[in-house]
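This report is meant for a reader who is meeting the structure for the first time.

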Amino acid sequence: MSNLNTEMIEKYRNNFLKEVTANVEEGEWVKMCMQCGVCSGSCPFGPHWDHPPQELFMMIRAGKREEVLTSSSMWMCTSCYNCIVRCPRGLPITHIMHGLAHYADRLGMAPKEQPTMKFAHKFWDNIVKNGRVNELKLSLGVYFMNGIAEGIKTSLKMQAVGLGMYKAKRLNPMEFFGGHTVKDKSGMQAIIEKAKEIEEAKIKKFEG
Amino acid sequence: MAKKEYSFYPGCSSQKGASAANYMVSVDAMCEELDVQLNEIPDWNCCAASIGYAGGGELPRLAMSARNLALSEQANPGQDVVATCAACWLATKETQERLHEDDGLMEETNQALSAAGLNVKADQNVRHMVEVLIEDFGYDELGKHVKRPLEGIKIAGYVGCQTNRPFGIDGESYENPKYLDKLVETMGAEPIESYEKKVQCCGGALAFSEQDKSHELIKGIIEAAYDGGADMIVTPCPLCQANVELYQDHINAKYNTKFKMPVVYYSTLMSVAYGKDAKQAGLNGQIIKAKQLEEIAGK
Ligand code: SF4
Ligand code: SF4
């Protein structure tokens with residue numbers, strides 16, 4: 001169990017709702033949910049959610065910490081924003097899903113082989129490094145993230161797509177050797193570092 | 001009409017050699033016709049998209065968009081920020097709004113920005129290109145520039161998610177927005193008004209990580225266009241465009257379908273209708289060729 005996780009259990013004992021309110025992006029909204037279920041009917045990957053948003057909110061209030069944080073459900077969110085425009089209580093559900101996923105990951109509780117988690121990390125690393133997305137490295141990285149054999153299989157499947165895009169000048173193989181970046185990389189990275197620092201100091205403060 | 005200027009945020013997918021490079025080409029052609037000058041934000045960075053959340057926490061993500069806003073204020077003061085990518089627009093607009101609503105967040109963000117000597121006020125409007133077209137020009141004005149009406153082409157307007165929610169286009173509904181249909185009509189083509197998948201999600205970034213689940217959604221989007229009698233799909237979103245166009249072969253192999261549905265940008269349609277040639281309209285960027293548009297552009 002990660003240290004941060006142990007610390008959070010100590011601090012919030014049996015009050016998972018308070019923990020979510022304090023530490024999860026837009027988590028203070030969870031208590032406003034009136035359990036109407038509209039959001040749960042809105043997710044494009046609906047059948048693949050073990051616990052749709054409304055259920056997750058109920059579980060948070062019921063203190064089902066382990067079950068919520070280890071769930072793959074919030075990683076099924078496609079950021080379609082259907083729920084947000086429909087929720088009668090105005091909950092920013094999309095952001096709460098992202099926030100829960102991020103928090104679970106931060107505590108080391110997210111399911112280890114969650115493909116969207118791996119992709120999201122690769123994406124973030126890719127932009128922090130260069131300031132802009134390098135689509136070729138990102139997609140190669142994604143296709144190989146489940147190991148070499150899987151990667152070659154997926155790459156072969158994607159080869160026709162890649163070739164078509166190359167011909168249409170929509171994929172540049174030279175990107176692999178550098179590609180697009182921002183000029184002031186160090187400035188941009190300094191901003192991200194500083195932002196991280198501020199955010200971590202805040203979580204520490206909640207620890208009391 | 002006098003020249004209009006905007007501070008422009010092109011975004012990663014529109015860069016040279018990237019997946020939506022053809023979008024940019026057609027936007028340039030369209031803007032030339034409409035006398036719009038796009039002043040690119042110098043040294044802009046990625047918006048972190050929606051999927052940046054696992055690696056980046058809330059503040060680092062907001063700070064990335066805030067950097068773009070700060071650079072825009074420096075280089076293009078007083079100009080609205082305009083984005084062509086739905087995800088870029090959403091992330092930037094969300095940042096702008098949240099900084100305004102929350103003084104604490106504004107202070108923390110500026111603290112982070114000061115690490116690179118920047119400061120943000122975030123009091124500009126952040127708009128999608130489609131808003132510029134509809135609000136600053138309007139359908140009548142847009143129609144006046146049509147030189148080659150797209151007669152006889154039936155087009156399904158696929159609005160998708162993030163150009164539509166949570167912000168949407170003023171005066172349009174979330175569940176049944178009509179602006180793409182109106183644009184199609186303005187260009188002289190025939191909109192499929194009963195296209196029921198117009199706001200269906202394509203899987204977004206999860207088309208990478210959850211391919212099977214996304215392909216199922218994309219299949220529905222294409223099928224409904226065929227059912228409605230469409231010759232092609234039009235969209236304002238680079239991720240929708242890529243997802244719906246690129247995976248048709250995979251979907252055909254998996255579901256035994258015979259999809260071959262061109263998916264174009266509104267700016268491609270407009271460029272062709274405005275008399276630009278195939279290259280200027282970005283038509284050579286189509287993986288699935290839009291033959292009817294090529295024919296009109298070749299005249
Ligand atoms: S739509 Fe809103 S109020 Fe209804 S269950 Fe979902 S979060 Fe709760
Ligand atoms: S944004 Fe996420 S949580 Fe909301 S409806 Fe879409 S997939 Fe579901």
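The text below goes from chain A and its ligand shells to chain B, its strands, its domains and some individual residues.

This is a predicted model, in which local features need pLDDT of at least 70 and side-chain atom pairs count only at pLDDT 80 or more, while totals for chains, interfaces and linings use all residues. Residues are numbered from 1 along each chain as its sequence is written, chains are lettered from A and ligands numbered from 1 in the order in which they are written, and side-chain values use heavy atoms, with hydrogens and water left out.

## Chain A

The secondary structure of chain A consists of 10 helices and 0 strands, where helices (H or I, at least four residues) and strands (E, at least two) are DSSP runs, numbered from the N terminus. Of the 208 residues in chain A, 52% are buried; buried means under 20% relative accessible area, exposed means over 50%, and partly exposed lies in between, with a 1.4 Å probe and protein chains only. When contacts in chain A between residues at least 6 apart in sequence are considered, 63% of them join residues at least 24 apart, a contact being heavy atoms within 4.5 Å.

Helix α6 of chain A, residues 93-106, has 14 residues and reaches 20 Å from its first C-alpha to its last, which is close to the 20 Å expected at 1.5 Å a residue; the expected span is 1.5 Å times one less than the number of residues. This helix α6 of chain A is mostly covered, since 13 of its 14 residues are buried, and it is followed by A:Gly108, whose phi is positive, near 75°.

## The two ligand shells

A residue is near a molecule or strand if one of its heavy atoms lies within 4 Å of it. In the shells described here, Ala, Val, Leu, Ile, Met, Phe, Trp, Tyr, Cys and Pro count as nonpolar, Asp, Glu, Lys and Arg as charged, and the others, Gly among them, as polar.

Around ligand 1 there are 13 residues, of which A:Cys33, A:Cys36, A:Gly37, A:Cys39 and A:Cys87 come nearest, and this shell divides into 10 nonpolar, 3 polar and no charged residues. Around ligand 2 there are 14 residues, and those that come nearest are A:Cys43, A:Cys77, A:Cys80, A:Tyr81 and A:Cys83. The elements that give two or more residues to the shell around ligand 2 are α5 (82-86) and α6 of chain A, and the residues of that shell divide into 9 nonpolar, 5 polar and no charged.

## Strands and domains of chain B

In chain B, strand β7 (residues 232-235) has both faces covered, with B:Met232 and B:Val234 on one side and B:Ile233 and B:Thr235 on the other, all of them buried. Strand β5 (residues 154-157) pairs with β7 of chain B in the parallel sense over 3 bridges, two strands being paired if DSSP finds at least two bridges between them. Within this pairing B:Met232 in β7 is the bridge partner of B:Ile155. Strand β8 (residues 263-265) of chain B also runs parallel to β7 and is joined to it by 3 bridges, with B:Val263 in β8 as the bridge partner of B:Ile233.

Chain B is divided into domain 1 (4-129) and domain 2 (147-297), with bounds that come from an automatic or database domain assignment. The centres of these two domains of chain B, taken over C-alpha atoms, are 25 Å apart, and 25 residues of domain 1 are in contact with 26 residues of domain 2.

## Individual residues

A cis peptide bond joins B:Arg165 and B:Pro166, with omega about 0°, and B:Pro166 lies in the loop between β5 and α7 (179-186) of chain B.

B:Arg61, in helix α2 (residues 58-75) of chain B, is buried, with a relative accessible area of 14%. Apart from its neighbours within four places in sequence, B:Arg61 is in contact with residues that include A:Glu25 and A:Trp124 of chain A and B:Tyr53 of chain B.
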